[in-house]
Amino acid sequence: MRHFNTQKANYIHSLQPKIHQHDELKVCVCPKCKYVNSSEYLFCTYCGFPLNKNEQMLTVYNLRRRQRKELLSKSEAEINYARIALYVMAVFSLAGFGFFFSQLDKRYAYTIVSLMLSALFFTLAHWSRKNPFSAMLMSFIVMMTFSTINIFGKITESFTTAQGVYGIMICMLLLFFLLRGMQGAYKADLIKEELQINKSE
């Protein structure tokens, strides 16, 4: 005859997972995008629209949208400055075609490199109209690589001659514009996505 071991049964029961009963979750639907939110939130977690329409909440929402549009305008201006810098570099490199008519021994190589750089900068500037962040990132990498090769390839001349110092200053200035353009493009992408979400259905 088997005996029921109460102590062992209680021990096994204590090891089993416990299921707790929770109160029914209270939710509310955003009146603008129809996203389901917890009722404890004041603004929609998807589009940012106030869940309880009152004047104060709408004022905060509209102020935030206005700030976002101002930041978008500033970011797009930074992208335009960087794009102009790329066009300037394209024109400056195109001027290297003059090497073809010089008496230098490597005039053909200089001409080809100049034309290739001009085409590259022009392509990156044009690409920045469709995909600003990727174009600015690629431009920054190209310009950083070109500047490093140019400076360290003739390191003594770069820091000891006026031409070398001016070259370094121009490279740093272009890198500054490209870096600001890259930051502006990143911000613009985020803001555009947020504004797109906030559009009325």
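Biologist: In this predicted model, with which residue does Glu 76 form a salt bridge?

Modeller: Glu 76 lies in helix H2, and its partner lies in helix H6, 116 residues apart from it. The closest N and O atoms of the pair are 3.8 Å apart, and a salt bridge requires a side-chain nitrogen of Lys or Arg within 4 Å of a carboxyl oxygen of Asp or Glu. The partner of Glu 76 is therefore counted under that cut-off, and this residue is Lys 192.

Biologist: Is Lys 192 buried, partly exposed or exposed?

Modeller: Buried means under 20% relative accessible area and exposed means over 50%, with partly exposed in between. Glu 76, at 33%, is partly exposed. Lys 192 has a relative accessible area of 42%, so the class of this residue is partly exposed.

Biologist: How many salt bridges does the structure hold, and which residue meets Arg 180 in one of them?

Modeller: The structure holds 2 salt bridges. In the bridge of Arg 180, the N to O distance is 2.6 Å. Arg 180 belongs to helix H6 and its partner to helix H2, 102 residues apart.

Biologist: Which element gives the largest share of the largest nonpolar core?

Modeller: The largest nonpolar core has 23 residues, and those with the most contacts inside it are Leu 86, Phe 121, Met 136, Met 143 and Leu 178. Helices H2, H3, H4 and H6 each give two or more residues to this core. The largest share is 9 residues, and it comes from H6.

Biologist: Which residues does Phe 121 touch, leaving aside those up to four places away in sequence?

Modeller: Phe 121 is among the residues with the most contacts inside the largest nonpolar core. Contact means heavy atoms within 4.5 Å. On that basis, the residues touched by Phe 121 are Leu 86, Met 89, Ala 90, Ser 93 and Met 143.

Biologist: Is Ser 118 buried or exposed?

Modeller: Ser 118 is placed in helix H3. Beyond residues up to four places away in sequence, Ser 118 touches Ala 90, Ser 93 and Leu 94. Its relative accessibility is 9%, so Ser 118 counts as buried.

Biologist: How many disulfides does the count come to?

Modeller: A disulfide is a pair of cysteine sulfur atoms within 2.5 Å. The nearest cysteine sulfur to Cys 30 is that of Cys 47, 3.7 Å away. The sulfur of Cys 33 is 3.6 Å from the closest cysteine sulfur, also in Cys 47, and this is too far for a bond. The count of disulfides is 0.

Biologist: What is the relative accessible area of Cys 33?

Modeller: A second, separate core of 7 residues includes Cys 33, together with Phe 49, Leu 51 and Tyr 61. Cys 33 is buried, and its relative accessible area is 15%.

Biologist: What accessible area do Val 27, Val 29 and Val 36 have together?

Modeller: Val 36 is located in strand S2, which spans residues 36–38. With Val 27 and Val 29, Val 36 forms a nonpolar patch on the surface. Their accessible area together is about 250 Å².

Note on methods. Residues are numbered from 1 along each chain as its sequence is written. This is a predicted model: local features need pLDDT of at least 70, side-chain atom pairs count only at pLDDT 80 or more; totals for chains, interfaces and linings use all residues. Side-chain values use heavy atoms; hydrogens and water are left out. Patches are made of residues with over 30% relative accessible area and no salt bridge: like charges are joined within 9 Å, nonpolar side chains (Val, Leu, Ile, Met, Phe, Trp, Tyr) within 5 Å. Accessible areas come from the Shrake-Rupley method with a 1.4 Å probe; for residues, only the protein chains shown count as cover. Helices (H or I, at least four residues) and strands (E, at least two) are DSSP runs, numbered from the N terminus. Buried means under 20% relative accessible area, exposed over 50%, partly exposed in between (1.4 Å probe, protein chains only). A nonpolar core is a set of buried Ala, Val, Leu, Ile, Met, Phe, Trp, Tyr and Cys residues joined through side-chain atoms within 4.5 Å.
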